[in-house]
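Colleague: Hi! Could you walk me through this protein?

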Amino acid sequence: LRVAGDEWTNQGPVALRWESDRLIIESLHMASRLGDLRASGRIDLRGALDVRVDGRFPLHQLPALLPEIREAGGTLVVTGGIGGSLAAPQPSGEATIQGGMLQLRDRPETLRDLEARLLISPGGLRLTEATASIGRGRIRASGDLALAGWRPEAYRVLAIGNNIALAPLDGLQTTWDFDLELVGRGAQRLLRGEGRLLQGRYTGRWNLVEMLLSRQAGPTGDVSPAIPIQIALRLNDNLRIDTNWARLQVGGRLSLEGTTARPIVLGSLASQEGRITFRKHRWDVSSAAVRFADPRRIDP
């Protein structure tokens with residue numbers, strides 16, 4: 001069989017049997033580069049379905065299907081059945097991911113040890129639990145997706161991360177705890193939640209005069225679908241700045257808004273201790289503040 005450009009070949013005898021008003025699938029075992037699928041059951045001439053399906057699908061093929069994924073691994077195992085009718089099939093069962101790994105093209109972090117269990121019903125999908133590692137950190141997620149026929153409707157996914165290391169900018173290393181929620185209905189969607197900085201350090205060399213005189217270029221058009229975001233970031237005085245001209249301990253609260261393709265930072269940073277060295281003069285800091293107030297661009 002050739003389905004959507006992929007060739008599926010039988011891995012043994014295909015055994016079908018006709019009765020007076022139904023087709024019995026006694027044995028059907030097919031495989032392609034996308035995976036391995038077994039099916040058995042019956043299809044009534046009136047259209048009623050009662051088919052059992054078992055499949056195993058290697059996830060290393062995901063980059064060929066989704067270009068935003070750089071690398072993937074692990075196995076998707078599907079066990080269940082299809083009832084209802086040919087006009088309105090009703091799936092049921094469960095799907096699990098075993099030994100998964102995922103890396104996106106625009107992020108250096110890699111999800112490892114991905115394990116997940118998904119329950120399938122005619123009304124939707126339920127992610128009972130998913131866990132994965134990022135460096136020394138762990139992520140747990142759960143959620144629901146409502147279906148109208150085969151069309152996705154409302155969905156909600158919760159994710160909790162502990163000790164997650166991120167490097168959002170050159171020279172900036174951070175570790176976070178976070179609680180995030182992705183909600184959506186149709187084309188409307190939103191990623192919201194809170195991140196709490198456990199440890200952060202910025203190192204590098206800055207030209208202070210150029211930084212004060214320069215203005216950030218205006219944003220360019222989005223080149224990929226983007227998700228609106230509303231994420232509060234609490235620094236808890238855990239950000240250390242070590243550069244050629246400043247040694248500061250920084251706290252404050254920021255709001256990450258805009259979209260995943262064009263994020264905007266609002267809020268303020270504050271420091272009550274540290275020092276700044278400018279043209280061989282050392283200044284002890286008693287208080288300092290940086291404010292982000294431009295909703296069009298990141299402009300401290």
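This is a predicted model: local features need pLDDT of at least 70, side-chain atom pairs count only at pLDDT 80 or more; totals for chains, interfaces and linings use all residues.

Colleague: Okay! How many helices and strands are there in the protein?

Modeller: The protein has two helices and 22 strands. These are DSSP runs numbered from the N terminus: helices are H or I with at least four residues, strands are E with at least two.

Colleague: And what does the C-alpha trace span along its principal axes?

Modeller: About 95 × 30 × 30 Å. The radius of gyration is 26 Å, while a compact globule of 300 residues would be near 19 Å. That radius is taken over C-alpha atoms, and the globule rule is 2.2 Å times the number of residues to the power 0.38.

Colleague: Which residues of the largest nonpolar core touch the most other members?

Modeller: Among the 20 residues there, they are Leu-235, Leu-239, Leu-248, Val-250, Leu-254 and Leu-269. Such a core is a set of buried Ala, Val, Leu, Ile, Met, Phe, Trp, Tyr and Cys residues joined through side-chain atoms within 4.5 Å. Buried means under 20% relative accessible area, exposed over 50%, and partly exposed in between, with a 1.4 Å probe and protein chains only.

Colleague: Which strand gives the largest share of this core?

Modeller: β18, with four residues.

Colleague: What is Leu-239 in contact with, leaving aside neighbours within four places in sequence?

Modeller: Leu-172, Leu-197, Gly-200, Arg-201, Leu-248, Gln-249 and Val-250. Contact means heavy atoms within 4.5 Å.

Colleague: New topic: which classes make up the lining of the second largest pocket?

Modeller: The lining has 18 nonpolar, six polar and one charged residues. Phe-57, Leu-76, Val-78, Ala-95 and Ile-120 lie nearest the pocket's centre. Strand β8 gives the largest share of the lining, six residues.

Colleague: Last one: is Arg-2 buried or exposed?

Modeller: Arg-2 counts as exposed because its relative accessibility is 57%. This residue is found in strand β1, residues 2-3. From C-alpha to C-alpha, Arg-2 and Ser-32 are 9.6 Å apart in space, and 30 residues apart in sequence.

Conventions
Residues are numbered from 1 along each chain as its sequence is written. Side-chain values use heavy atoms; hydrogens and water are left out. On a 1 Å grid over the protein atoms alone, a cavity is a set of points where a 1.4 Å probe fits but cannot get out, and a pocket is an open set with protein on both sides within 12 Å along at least five of seven lines; lining residues have an atom within 4 Å of a point. Ala, Val, Leu, Ile, Met, Phe, Trp, Tyr, Cys and Pro count as nonpolar, Asp, Glu, Lys and Arg as charged, and the others, Gly among them, as polar.
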